[in-house]
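Have the structure open and follow along.

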Amino acid sequence: MISSKSKIDKAGVAFAKDQFQTIEELIELEDVFDQYRKAHLQPLSETTLELQNWLTGYKADYYIAQRLKRKPQIIRKLNRLSVRLTQLQDIGGCRIIVEKNSDVDQLLAFLETKVESQKTISIERVTDYRPRGRDDTGYRALHVLLSRSGYKLELQIRSRVQHYWAESIERTSVIY
């Protein structure tokens with residue numbers, strides 16, 4: 001059972017600040033945190049399967065994958081952005097990798113037409129990090145914020161070159 005938003009946010013703050021009153025509170029809030037994270041799995045898996053189904057009609061090569069953001073990454077993001085746990089929009093995420101940057105735009109247009117013809121998934125926002133990059137790392141991709149069953153999920157669409165760059169940045173950041 002999913003806890004209240006205030007309890008979920010309390011768990012997020014406790015883990016971000018590493019502040020617990022008792023061992024019992026730590027155990028309780030860890031369960032709240034983990035259950036909230038895991039609650040994204042079903043809508044994420046359903047969304048990924050639906051995307052795969054739609055993509056059977058797509059005429060270009062692609063690769064699709066999904067993931068739940070790991071707990072340490074969530075905690076780092078809570079600290080970096082000073083947001084509440086229930087405000088994070090990328091706990092559940094999937095990624096579609098296409099051949100070229102122009103394919104990213106074509107795939108977005110294709111997916112937008114598919115979303116319009118159904119009521120299960122909606123597109124909340126599209127953020128294009130390709131023209132200028134998201135930060136000083138040179139990260140570039142198109143982010144599509146999806147909504148399904150009350151959960152926010154992030155879809156990243158990237159070209160192969162953008163994917164290799166993002167992967168190398170992530171590996172480098174882990175080392176350093």
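## H3 against H5

Keep in mind that this is a predicted model. In it, H3 and H5 pack with their axes 11 Å apart, at an angle of about 110°. That puts H3 roughly perpendicular to H5, because an angle of 65 to 115 degrees counts as such. On the H3 side, the contact comes from Leu51, Trp54 and Leu55. H5 answers with Leu107, Phe110, Leu111, Lys114 and Val115.

## The largest nonpolar core

Two of those H5 residues turn up again here. The largest nonpolar core has 23 residues, and Leu107 and Leu111 are among those with the most contacts inside it, along with Ile96, Leu155 and Ile157. H5 gives the most, with six residues.

What does Ile96 touch, once residues up to four places away in sequence are set aside? Its partners include Leu107 and Leu111, plus Leu155 and Ile157. Leu55 is on the list too, as are Tyr62, Tyr63 and Ile64. Gln156 and Arg158 complete the set.

Another core, of 15 residues, lies apart from the largest one; Ile8, Phe15, Tyr36 and Ile75 are among its members. In general, nonpolar side chains in soluble globular proteins tend to be buried together.

H1 (residues 5-17) and H2 (residues 23-38) pack at about 115°, with 9 Å between their axes. So H1 is roughly perpendicular to H2, and the crossing of this pair is left-handed. H1 brings Lys7, Ile8, Lys10, Ala11, Gly12, Ala14 and Phe15 to the contact. From H2 come Glu25, Leu26, Glu28, Leu29, Glu30, Val32, Phe33 and Tyr36.

H2 also packs on H4 (residues 71-81), this time at an angle of about 100° and with axes 12 Å apart. H2 and H4 are therefore roughly perpendicular as well. Here Glu30, Phe33, Asp34 and Arg37 of H2 meet Lys71, Ile74, Ile75 and Leu78 of H4.

## A buried arginine

Arg130 sits in the loop between E3 (121-128) and E4. Is Arg130 buried or exposed? Its relative accessibility is 10%, and since the cut-off for buried is under 20%, Arg130 counts as buried.

The Arg130 side chain makes a polar contact with the side chain of Asp128, at 2.8 Å. Beyond its neighbours within four places in sequence, Arg130 is in contact with Asn101, Val104 and Asp105, with Arg140, Ala141 and Leu142, and with Gln162.

## Two loop residues with positive phi

Which backbone angle is worth a look at Asp18? Phi there is near 55°, a positive value in a residue other than glycine. Asp18 lies in the loop between H1 and H2 and is exposed, with a relative accessible area of 62%.

Ser149 also has a positive phi, of about 55°, although it is not a glycine. Ser149 is in the loop between E4 and E5. With a relative accessible area of 56%, Ser149 is exposed, because the cut-off for exposed is over 50%.

Notes
Residues numbered from 1 in each chain as written. Predicted model: local features only at pLDDT ≥ 70, side-chain atom pairs only at ≥ 80, totals over all residues. Heavy atoms only, no water. Core = buried A, V, L, I, M, F, W, Y, C linked by side-chain atoms within 4.5 Å. Buried < 20%, exposed > 50% of the residue type's maximum accessible area, 1.4 Å probe, protein only. Helix = DSSP H or I, 4+ residues; strand = E, 2+ residues; numbered from the N terminus. Contact = heavy atoms within 4.5 Å. Polar contact = N/O pair within 3.5 Å; in protein donor to acceptor, adjacent residues only side chain to side chain. Axes fitted to C-alpha atoms, helices over the stretch in contact; angles between N-to-C directions. Parallel < 35°, antiparallel > 145°, perpendicular 65-115°, else oblique. Left-handed = near helix turned anticlockwise from the far one by under 90°.
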